[in-house]
Amino acid sequence: MKLLRNRRALIILAGLIVAANGFFPALWILFTSFKTEVELMRVPITIIPQAPTIENYIRVFVDQPILRFLFNSVVVAVLSTLLCVTCSALAAYALVRLRLPGAGIILSVLLAIAMFPLISMMVPLFQVMRDLGLLNTWWALIFPHAVLSMPVCTLVLISFFQDIPRDLENAAMIDGCTRLGALWHVVIPLTAPGVFTAGILAFVNSWDEFLLALTLSPRVASRTLPVGITLYQGEFSFPWPIISAALIVAIVPICIVIAIFQERVVSGLTSGGVKG
Amino acid sequence: MSDAIRHRLTPLERSERRLGFAMLAPAFLLLAAVVLYPIAELIRNSFHFNHLAQPWMGTPFVGFENYVKALGDDRFHEAVLHTLLYILVTVPGAVVIGLGLALLANQPFRVKWPVRLGLLLPWALPLVFAGLIFRWFFEFNQGIANAMLRGLGLEPLNWLTSPGLAFFAICLAIIWKSSSFVALVLLAGLQTIPKSFYEAAEVDGATKWQQFREITLPMLRPAIFVALIFRTITAIQTFDIPYAMTNGGPGNSTETLAMYIHKTTVDFLDLGYGSALAVLMFIVSAVITSLYLRHTRRDPGRH
């Protein structure tokens, strides 16, 4: 009996370690975000804020257009996700179902191209977007971000499409559906969890992307959240409580998304075995 | 299917094939526009002089001059060396820590969400945010690292302003950020190992360590391989975390190849030379990507 209770305690301890490892940094900046500059100076440092203040959160919204950053991030992430999932779904379906010669090689080529390092594309993309007049627009990020997640989305969708029996589509086509009609009316609804999973992964990848967002949107008003957050630091000053508050404001939306869809995200990450 | 049938396609098959290529078109058009054309431009740029701060020079063709320049550029060599060191430390580091996290997370918990979110949060956090948070941890006066040292009665350290310590701090941040993804992949691998293997080993009197060495590790090998390759592909491109923590400093002691390329092109405005460096990086990364693809190559039309 005692042995069993010890085992239980060990299991809980194991869980606590994993959870603490993941949550600790976010918790720490959450505490920091409620402290005053004065309290931060104190030695030894305090853990829980002694005199919690929301002043830092007010400064977050006053000092920089963070709602604008948030809006840019949402628009770019949503549109690039739609574009990525559409292209990946069409490609995955063609590769799984349409008996293309060399489907395996086509898939490898697609993955290989989409996995080129971003830094190599950065300069020429800057020139292309400048020539097209797309710098500082959402489009400059939407197209590259869609490519960023294409490998993971295609792999996830392939693994889901493979599990749908051909007979279902054949039945739909006998009833007068076209191929694309069968894909839209039969396959997509049946693989909705997979499509959804692919979508969340694409969303997170776009939400997190920094290098291109930094380079292709030099104007303040067109920055996304990850780049916008770096604007809170002054030339010589680093107002940590305000930066912490800004980080919390920026982290909360993505936390809600992954908390709601945690099981989907895990299954997607592991079935694709990739983060783009 | 016999060869006779295979060689002459039925009208249905032919129309399916046409539809199939049409359905691949959007993905490949996007790849052509966002990747292939820029890469072609990059290669072209790398053979030209192109310095935005010297527009009167024009953009003459210079052959391999930019590449030759790279051979003698100490800062480039250092950036390559730093990138290699980051790979050598953070890739195995993330896999070992990730394996530890996966083993801890692979327990029969009654409440699953704290563990799952504990693994997902570092993954979902933008790299720059992780960099900023760790920069705060290692801040000299108010950071938690020095607070702990003081608590132990030790002298506080200049974490981010002395080269070796800065490298260490950055590695720690990268390992924290990337080990949770590794853990998720390995956890999925752990869950495919049948319980009966361990029960049989138990009956034979194998210790926990023997079980780990003889069952867990060999069965996890494919998952570990995938995690290794993926970590390596991203580690070559290391940019965000050192950018947020030290911006390559002190001096250039924590500067990675990606950061040097970024500085050469965006700050120094030397597009020609920056492009040559980016081509070199792209070749290295292509080699490693091909290793991964050789491993995952499969025919999607079959199970």
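## Chain A overall

Chain A contains 15 helices and zero strands. The structure described here is a predicted model. Computed along its principal axes in the model, the C-alpha trace of chain A covers about 75 × 70 × 30 Å.

Chain A has 276 residues, and 50% of them are buried. Contacts can also be sorted by how far apart the two partners lie in the sequence. Of the contacts in chain A between residues at least 6 apart in sequence, 76% connect residues that are at least 24 apart.

## One helix in detail: H5 of chain A

Helix H5 of chain A runs over residues 103–114, which makes twelve residues. From its first C-alpha to its last, H5(A) reaches 17 Å, close to the 16 Å expected at 1.5 Å a residue.

Which residues of H5(A) are buried? They are Ala103(A), Ile106(A), Leu107(A), Leu110(A), Leu111(A), Ile113(A) and Ala114(A).

## Where chain A meets chain B

How many residues of each chain are in contact with the other chain? On chain A there are 83, and on chain B there are 82. Helix H1 of chain A, residues 2–33, supplies 14 residues to the side of chain A that touches chain B, and this is the largest share.

The side of chain A that touches chain B can also be described by residue class: 64 of its residues are nonpolar, 15 are polar and four are charged.

## The two domains of chain B

Chain B is divided into two parts: domain 1 covers residues 3–46, and domain 2 covers residues 69–296. The C-alpha centres of domain 1 and domain 2 of chain B are 35 Å apart.

The two domains of chain B are in contact, with four residues taking part from domain 1 and six residues from domain 2. On the domain 1 side of this contact in chain B, two residues are nonpolar, two are polar and none is charged.

## Confidence of the prediction

For chain B, the average pLDDT is 87, and 94% of the residues score at least 70. For the complex, the predictor gives an ipTM of 0.87 and a pTM of 0.89.

Definitions and conventions. Residues numbered from 1 in each chain as written. Chains lettered and ligands numbered in written order. Predicted model: local features only at pLDDT ≥ 70, side-chain atom pairs only at ≥ 80, totals over all residues. Contact = placed C-beta atoms within 7 Å. Helix = DSSP H or I, 4+ residues; strand = E, 2+ residues; numbered from the N terminus. Nonpolar A, V, L, I, M, F, W, Y, C, P; charged D, E, K, R; others polar. Buried ≥ 20, exposed ≤ 12 C-beta atoms within 10 Å, placed from the backbone. Domains from an automatic or database assignment. Expected span 1.5 Å × (residues − 1). pLDDT = per-residue confidence, 0-100.
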